[in-house]
Amino acid sequence: MADIVIVGAGPAGISAAETLCANGLRPVLIDEGARAGGQGYRRPADGLALDMNRLMGSEAGKYAALHRRFEALLPRIDYRPRTLVWAVDGSTLHLLRDGRTETLAFGKLLIASGAMDRIAPLPGWTLPGVFTLGGAQLALKDQGCLIGSRVAFLGSSPLLALAAKQYREMGAEIAVIADTTPLSAKLSALPELLRAPRTLARGLVYMAASLRAGTQMLHGVTPVAVEGQSRVEALLLRDQRGRERRFACDAVALGYGLKPETQLADLAGAQFVHDPDFRLFLPKIDGLGRAGPALYLAGDGVRIGGADAAEASGALAAHAILGDLGRPQDIAAIRQLARRIERLRAFQRGLARAFAWPKAQIAALPDSVTLCRCENVTAGEVRAVMSREFGPIEVNRVKAMTRCGMGRCQGRVCGPALQEIVAATAGCDGAAAGRLRGQAPVKPIALAAAGTAA
Amino acid sequence: MDASKAQFRRVAARTGRQVTLSFEGTSLHATTGDSVLAALLESGALIRRLEFGGEPRAGFCLMGACQDCWVWSAEGGRIRACTTEVVDGMVLFAEPKPTARLHG
């Protein structure tokens, strides 16, 4: 039995652990990764000659500070790296470590599970050489490798320009930075973006660096296809004026912003509500991150806000736990954290408009496009099932009949696009199409391993 | 996949113990700390073939979420290449071996 368990050792989880330790508690900190820091602040393995200061740029100080703080925490927490939480059942966690399962009962559970890239499919996106934008950054930070020598960055995200800058500095050729949102939408989101002027300025610096380096940066594109026989050879687009443009490349980094990893929150009993700005179902939380009687959610795993908001929301959720345990409340600290998170998340809401999820482009994808890369289901198969008499009009039924979203990734990759295809085919909005439910195990585990539980 | 050209390009050297692994019967060299995926894609190998139709795949999310980089060990177990570090003497395959499939 553990009084308090934190899942995820990124900025939110580390910051929560720090706040709890400062109040004399000793949380269990479980992380699937081998090294702390989460995806964004991931620490490279020993022996990699990588200049993290240069790679992290203006965030190098924060990156270094987070790892220093984590090192200082280590003797005061029960840290369990390389451990997957694959199910939550009441107040018991099911863990997998080194191929063996065990259970852990908890009093309070704080989930800081982070986020992954949100993906819109296009013809050819399953070819070797197409990776997520976050994956392209991880290949560099985690492995010291570029995903290709001449890379196209496609999607809609401020991180396209950031990743392209990192890649250019490490010696890659940048074929193009292609964003599906028109420049006019970016300008109209400026009032919200000015809520975080420093972050806005950083984003503009990345874009300016691309322009200075002579990289083509296109706004308002329509992706046509990734071309290639058995690997990426080119990216084909239509530009804002409708002209077809072909960019030779050997890799494509694809990303439309981030989406929270909410599967564990789902199993732990969180309620979900559709957010029309992000066009995602997000767990319901109160102002401090409470999602249930013993459940707390923080970081990008509950609301996309970036590393700074993740840190603040981790600390805030820890304050909520302290309050619920009857400890005295530091009201001033709580107010300050809440204000900071509110400001940073408002900025992200602005970003969600400036770098919009291309729902109309997804609805218009050709029938032949692979939607589900696990089970090889096309957009046309989903539409065909729905157009039958008494065909399903809700995502979980569509999943049951087509297997789209039923594969090994559990809809993490295809889910958002499936939602739009179902909504467009049924003629309803995103919320009415329903929400893909999470299922245990949240990641595939061997039956043999599950059988090792004591 | 054209074996003559690697997908990944190493831009930061890694120091550490050299290890040898085999993939589809071909011997590869890597360094302790490399992920299986990086070791394979740096050498020009593919990662796996899709169960439906056999099209080549080489991973996608690189963060343990999409499960599209599974390779198979000689014992029949599956390995998620992006989150598994290389171990000296690993024997890996792009598809499960027929004898192992029953136990997969």
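A residue is called buried if 20 or more other C-beta atoms, placed from the backbone, lie within 10 Å of its own C-beta atom. This is a predicted model, in which local features need pLDDT of at least 70, side-chain atom pairs count only at pLDDT 80 or more, and totals for chains, interfaces and linings use all residues. Residues are numbered from 1 along each chain as its sequence is written, with chains lettered from A and ligands numbered from 1 in the order in which they are written.

**View 1. Helix α4 of chain A.** Helices are DSSP runs of H or I with at least four residues, and strands are runs of E with at least two, numbered from the N terminus. Helix α4(A) (residues 133-143) is largely enclosed by the rest of the structure, because 11 of its 11 residues are buried. Among them are A:Leu133, A:Lys141 and A:Asp142. A:Gly144 follows α4(A) and has a positive phi, near 70°.

**View 2. The open sheet of chain A.** Five strands pair in parallel in the order β8-β16-β10-β11-β12; two strands pair if DSSP finds at least two bridges between them. The edges are β8 (130-132) and β12 (217-219), each pairing on one side only. Three bridges link β8(A) to β16(A) (residues 251-255), where A:Leu254 is the bridge partner of A:Thr132.

**View 3. Chain A against chain B.** In chain A, 39 residues are in contact (C-beta atoms, placed from the backbone, within 7 Å) with 34 residues of chain B. Helix α4(A) supplies the largest share of the chain A side, five residues. Strand β9(A) runs antiparallel to β1(B) (residues 9-10), joined by two bridges, and A:Cys145 stands opposite B:Arg10.

Key. Buried ≥ 20, exposed ≤ 12 C-beta atoms within 10 Å, placed from the backbone. Contact = placed C-beta atoms within 7 Å.
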